[in-house]
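Please read the following points beside the model, with attention to the two ligands and the space that holds them.

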Amino acid sequence: MSEKLQNINLNKVPNHIAIIMDGNGRWAKQQGMKRVFGHRNALTAVREAVAAASDIGSKFITLYAFSTENWNRPKLEVDALMSLLVTSLKKEVPEFQKNGIKVNSIGNIEQLPKKAREVLKEVIEKTSNNSTITLTFALSYGSREEIVNAIKNISKKVVNNEIEIKKISEKIINNHLYTFNLPDVDLMIRTSGEQRISNFLLWQMAYAELYFTEVLWPDFRKEHLFDAIIDYQNRERRFGKTSEQIDANA
Ligand code: IPE
Ligand code: IPE
Ligand code: MG
């Protein structure tokens with residue numbers, strides 16, 4: 001067992017971990033290789049992150065795999081990412097089943113190539129009865145687009161008299177986001193040293209703890225996730241209250 005794992009309080013783990021998997025291109029470049037080489041070497045990191053989250057008992061892990069803005073990358077890279085998505089998802093099904101991983105997705109899935117959409121749908125269906133951890137892939141995901149969609153859908157219901165304006169609440173907005181079936185994010189990790197959110201889960205991260213590491217995504221291993229958890233556990237989440245109030249309720 002990992003020494004780091006022993007330092008983790010299993011009664012205080014983040015229920016929902018979100019990761020911005022960044023740095024594949026730089027990782028490849030460091031080795032004199034093309035960017036796509038980095039993407040191809042990202043799968044081990046994905047496996048390790050999900051396994052580590054599962055080891056500590058987190059119930060949700062959400063991985064930012066492709067943003068709405070990533071469509072603006074060179075076509076060759078976008079195509080490579082889409083075909084990697086298809087091959088990796090297919091290849092991982094036995095692992096998902098063995099480890100009780102329920103696959104889910106958020107984002108504008110309609111924008112993905114047909115093949116990717118089909119494979120994703122199939123994997124989501126096949127793993128739908130798994131219950132150890134929910135693994136959500138954010139694909140063609142943008143938080144602003146998600147919020148715009150939610151507003152459109154809520155507005156339609158207002159126009160059709162299905163929702164009264166005065167009844168619009170945080171809960172109703174939550175229910176119209178791609179993440180309607182996911183809890184708020186507790187811990188957001190970003191690799192590669194960049195300290196920004198890049199249009200990821202803006203609403204859902206309102207009270208998340210943010211953790212940044214210099215590790216480039218293809219190098220990310222269980223130990224790195226455990227480091228983030230230990231850091232998270234040394235923080236006090238106050239949700240606007242005072243430290244004294246938190247202590248009193250502990
Ligand atoms: C993250 O790595 C993967 C995706 C965004 C798809 P990058 O491809 O952004 O790698 P860097 O940031 O250029 O190093
Ligand atoms: C964010 O990474 C998107 C994913 C990890 C999928 P980017 O590399 O696209 O983010 P920016 O553009 O550097 O902020
Ligand atoms: Mg990047």
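1. The shell around ligand 2 is made up of Ile20, Met21, Asp22, Tyr64, Ala65, Phe66, Asn70, Arg73, Arg190, Arg196 and Ser198, where a residue counts as near a molecule if one of its heavy atoms lies within 4 Å of it. This is a predicted model in which local features need pLDDT of at least 70 and side-chain atom pairs count only at pLDDT 80 or more, while totals for chains, interfaces and linings use all residues. Residues are numbered from 1 along each chain as its sequence is written, chains are lettered from A and ligands numbered from 1 in the order in which they are written, and side-chain values use heavy atoms, with hydrogens and water left out.

2. By class, the shell around ligand 2 holds 5 nonpolar, 2 polar and 4 charged residues, with Ala, Val, Leu, Ile, Met, Phe, Trp, Tyr, Cys and Pro counted as nonpolar, Asp, Glu, Lys and Arg as charged, and the others, Gly among them, as polar. Strand β2 (residues 60–67) gives the most to this shell, with 3 residues; helices (H or I, at least four residues) and strands (E, at least two) are DSSP runs, numbered from the N terminus.

3. Which side chains make polar contacts with oxygen atoms of ligand 2? Taking a polar contact as a pair of N or O atoms within 3.5 Å, one finds an N or O atom in the side chain of Ser198 at 2.6 Å from a ligand 2 oxygen, one in the side chain of Asn70 at 2.9 Å, and a polar side-chain atom of Arg73 at 3.3 Å. Ligand 2 taken alone exposes 390 Å², of which the protein buries 78%, the areas coming from the Shrake-Rupley method with a 1.4 Å probe.

4. Ligand 1 is surrounded by Met21, Asp22, Gly23, Asn24, Gly25, Arg26, Arg35, His39, Ala65, Asn70, Arg73 and Leu81, a shell that divides into 3 nonpolar, 5 polar and 4 charged residues. Helices α2 and α3 each supply at least two residues of this shell, and α2 gives the most, with 3 residues.

5. For ligand 1, the contacts to note involve the backbone: an N or O atom of Gly25 lies 2.9 Å from a ligand oxygen, one of Asn24 lies 3.1 Å from a ligand oxygen, and a polar backbone atom of Gly23 is 3.3 Å from one. Taken alone, ligand 1 exposes 380 Å², and the protein buries 87% of that.

6. The largest pocket holds about 1,100 Å³ of space, a volume being the space filled by probe spheres set on the points. Its lining comprises 47 residues, of which Met21, Asn24, Ala42, Tyr64 and Ala65 lie nearest the centre, and α5 supplies the largest share, 11 residues.

Key. Polar contact = N/O pair within 3.5 Å; in protein donor to acceptor, adjacent residues only side chain to side chain. 1 Å grid on protein atoms, 1.4 Å probe; cavity = no way out; pocket = protein on both sides within 12 Å on 5 of 7 lines; lining within 4 Å.
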